[in-house]
Amino acid sequence: MDAFLSFFSNIDWLEIWLATGDTLMMLGGSLLFTIVLGLPLGVLLFLCSPRQLFEQKTVYAFLSLAVNILRSLPFIILLIVMIPFTVLITGTSLGVAGAIPPLVVGATPFFARLVETALREVDRGIIEATQAMGASTRQIITSALLPEARPGIFAAITVTAITLVGYTAMAGVVGAGGLGDLAIRFGYQRFQTDVMIVTVVLLLILVQILQTVGDRLVVHFSRK
Amino acid sequence: MPGLPLNFYLRAHKVRYVIEFHNVHKTYRVAGKDIPALHSTTLRVESGQVFGLIGHSGAGKSTLLRLINRLETPSGGKIIVDNEDVTAMDANGLRRLRQQVGMIFQHFNLLASKTVADNVAMPLTLAGELSRSAIEQRVAELLERVGLSEHAKKYPAQLSGGQKQRVGIARALATKPKVLLCDEATSALDPQTTASVLQLLAEINRELKLTIVLITHEMDVIRRVCDEVAVMDAGVIVEQGPVAQVFLHPTHPTTKRFVQEDEQVDESEQRDDFAHVPGRIVRLTFQGESTYAPLLGTIARETGVDYSILAGRIDRIKDTPYGQLTLAITGGDMEAAFASFVAADVHMEVLR
């Protein structure tokens, strides 16, 4: 037991504490903006896709290509490519504020695709029934499509949040801080296995919490 | 009652048509090819009727139904619903039209994310004309009518198929429509539930004077609730008329097939069976009160013929009893017997 405790005795717990806070802020901020931007984008992708309410071949092809380009870009490259743009909107490319724009740009296309898929899962009959009630297109989206796709959308948010946890670790490259950064700088580069273990365990706990909460929400809104 | 066709009585009062199709046709464009779903069709549905459309899948009945509330856009022709030309309507017009035309579906299409009460309230909240308390009151009334008051707070997944369709019916009636469209409304239900849902539809038709247009592939559904029927095949209405007439005296091969499916007889098999039966073979159709009159015995006694019953069915078409018997007749004064049948207003068909 003593040996176990002494193994972790060299850890700077304040550093860990601050890094955890950074990770949570990056995650919260980027998840919020990803949802705000990705949900409408996902709805738009769905509506413009073939045989849907607003079938628009060119718009869909354009959006789809843009989404695919962003998704095929490795996140680490995106982080660096985005630096001038990040400075433009946040005034800095460092820290939590500097990490959020690339995180959002990286996660939004991914989330939008998941939303598109969730909406596609809604039975066409539901859309038809809502149309037959005299609903406008906007009402179909807000009163039928989104409520019916809610479990799928919560599942998409969960997957996106966990993906973002992974992305925040890479954001250390541009000096973003956070647990992942700590793991790389101390755990990997300085061979501090103790720091590595602690950060990984904390990340694991975070992922575990996100998944559990997400799953609960999905079950709650499934009404089955 | 016997003698005059059933529709004489219907036409005795002033007829109003709530749905009219004038040379309406619909063509789908699939992979660069035009595929006709509905050939030029002219059709009128009387107000207050239960109008049935029967056909196999792909016959165009679903397209025809969806043209009424303009879920489908016609390729040509004119559709009038409740004195309004729906072919020329803009988005606002269509929304008003659809509040006047309720619709129920084979797979119910209820929103799984909303409670029974919220599903029923949906057309009203979408219309946005009533206050919240007025909507609540209307929903309570509707649930009462379909017998689901105690299930208001449940979600659709907790209901049986028949209950789901009742929710569908309550929802379709929410905006007090003039017309109710039923898209294979009972095809996903077991026979007993089908009967109770059809009974509810008949009740609604009678009490609310609501015009119902239903599509089905089962003649039994037509026989139980419809006043008038149109038989569709390959995008064309091949036969149309009062249900009793079409059901008892089908002329088109498609109609005959539907009737035989319902009666579970195979005509060619029957012909083989009767080959060795002596005498003449006739099919008698009784309708209305004559169904229950002791005609056969009386006429056999008076004319000295002997008869044996080869096949038969006594049932109801909506509210009218009917009987259809296939008899082999031997001996006695056969011509006199035939004349007596005709004189008694029994429809007679000599099969052999």
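Start with the transmembrane regions: select residues 24–47, 59–83, 89–112, 153–175 and 195–214 of chain A, which an unreviewed UniProt entry lists under that name. UniProt positions follow the numbering used here, feature names are shortened, and annotations may be inferred rather than shown by experiment. You are looking at a predicted model, where local features need pLDDT of at least 70 and side-chain atom pairs count only at pLDDT 80 or more, while totals for chains, interfaces and linings use all residues. Residues are numbered from 1 along each chain as its sequence is written, and chains are lettered from A and ligands numbered from 1 in the order in which they are written.

Zoom in on residues 24–47 of chain A: this stretch is 100% helix and 0% strand, with its end C-alpha atoms 34 Å apart. (Helices, H or I of at least four residues, and strands, E of at least two, are DSSP runs numbered from the N terminus.) Residues 153–175 of chain A are 78% helix and 0% strand, and there the end C-alpha atoms lie 32 Å apart.

Now colour chain A by pLDDT, the predictor's confidence in each residue from 0 to 100. The chain A mean is 91; helix α1 (residues 2–7) of chain A has the lowest confidence, at a mean of 77, and helix α7 (residues 124–132) of chain A the highest, at 95.

Next, show chain B, where 4 strands make an open antiparallel sheet in the order β2-β1-β4-β5; strands pair if DSSP finds at least two bridges between them. The edge strands are β2 (33–46) and β5 (84–85) of chain B. Select B:Ile19 and you will find its bridge partner, B:Val45, in β2(B).
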